[in-house]
Amino acid sequence: MKAWRVHETGEPREAMRLDDVPTPRPGPGEVLLRVRAANVNFPDALLCRGQYQIRPPLPFTPGVEMCGEVAETGEGVTGLAPGDRVITPAALPAGAFAEYAVVPAAGVLPAPEALDDAEAAALHIGYQTGWFGLHRRAALRPGETLLVHAAAGGVGSAAVQLGKAAGATVIGVVGGPEKAETARELGADVVVDRRAEDFVAVVKEATGGRGADVVYDPVGGDAYTRSTKCIAFEGRIVVVGFTSGTVPAPGLNHALVKNYTILGLHWGLYNTHDPAAVRRAHDDLTDLAAAGAVKPLVSERLPLAAAADAVQRVSDGTTVGRVVVIP
């Protein structure tokens, strides 16, 4: 089969190589999936650079999530059969940018019928992250104001839709007029082009000076620092990632004086510590998709041969919504 592999860490476009490798076989408790769609995520670029919190042994195949079709089940696997359409995180070092992948059966979930393969592949990690960040961590309530950074990106676009589905007023921050239009189409009530406007001033004006009740921040750096200047009393800042490349150093004295909460979110830990909660979130997301309340914005559907370039462009921040590879 064909599989992209990283033999030496570096920039995705140079580090990823399309190889011919043996098709894997599932072991006990595992399933072999024919990959129908693999969503491109920012962590794929970090994996290529050797900068992700997980560092699989070289060579490895990137691609952290997929929609697949069950091709074969290993010993002891029940509830799954060949032909089932499913979504799942990948099991590194054998990631999703390949024609086939083996994953633990325990992490496999039914693909929502309301979504096609590319949309289903994009529903999992980004929307699970948004669901846990907004509901489990920040306890977002109807009528509150949600500020979403990188609102036209893969993770931010999910948060915009989930925030609207929860009854919040959503303010989206983006970089550039094209991304501003995307955020509006996603449902953001107010859109700020950070290249032309000061989002702090816009948030204060839109909320009558109160500030944002919840900030959803996958960017870090200056986005985080300036968010502390427009956070409401008893507001919550959800730290999701650092696509800016800068990990901020929070001023805890400022959090104390302004009475706001800083919440970290590492969604992958729920697979280990509370897998039942992951399934509950999936059921809720499936219902929202069926109702049309959420629908991943897939901007590009690319062949397997284009995966390295896609990972590079997602890392460079030049894409909108989700870019999905179709092997």
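I began with Glu11, which forms a salt bridge with Arg49, and I noted that the closest N and O atoms of the two are 2.7 Å apart. The pair links distant parts of the chain, since Glu11 sits in the loop between E1 and H1 while Arg49 belongs to helix H2, 38 residues apart. I keep in mind throughout that this is a predicted model. For Glu11 I wrote down a relative accessible area of 32%, so this residue counts as partly exposed, whereas Arg49 is listed among the buried residues of H2.

Is the helix enclosed by the rest of the structure, or open? I found that six of the eight residues of H2, which covers residues 42-49, are buried, and the helix is therefore largely enclosed by the rest of the structure. The buried ones are Asp44, Ala45, Leu46, Leu47, Cys48 and Arg49. I then looked up what these residues pack against, and the partners are strand E1 (2-6), helix H1 (12-15), strand E2 (16-20), strand E3 (30-39) and helix H12 (307-316). Just after H2 I came to Gly50, which takes a positive phi of about 75°.

Asp20 forms a salt bridge with Lys2, and here the closest N and O atoms are 3.2 Å apart. Because Asp20 lies in strand E2 and Lys2 in strand E1, the pair ties together parts that are 18 residues apart in sequence. I checked both ends for accessibility: Asp20 counts as exposed at 60% relative accessibility, while Lys2 is partly exposed, with a relative accessible area of 32%.

I also looked at a pair within one helix. Asp283 forms a salt bridge with Arg279, with the closest N and O atoms 3.2 Å apart. Both residues lie in helix H11 (residues 275-290), and they are four residues apart, which is about one turn of the helix.

Definitions and conventions: Residues numbered from 1 in each chain as written. Predicted model: local features only at pLDDT ≥ 70, side-chain atom pairs only at ≥ 80, totals over all residues. Heavy atoms only, no water. Buried < 20%, exposed > 50% of the residue type's maximum accessible area, 1.4 Å probe, protein only. Helix = DSSP H or I, 4+ residues; strand = E, 2+ residues; numbered from the N terminus. Contact = heavy atoms within 4.5 Å. Salt bridge = Lys/Arg side-chain N within 4 Å of Asp/Glu carboxyl O.
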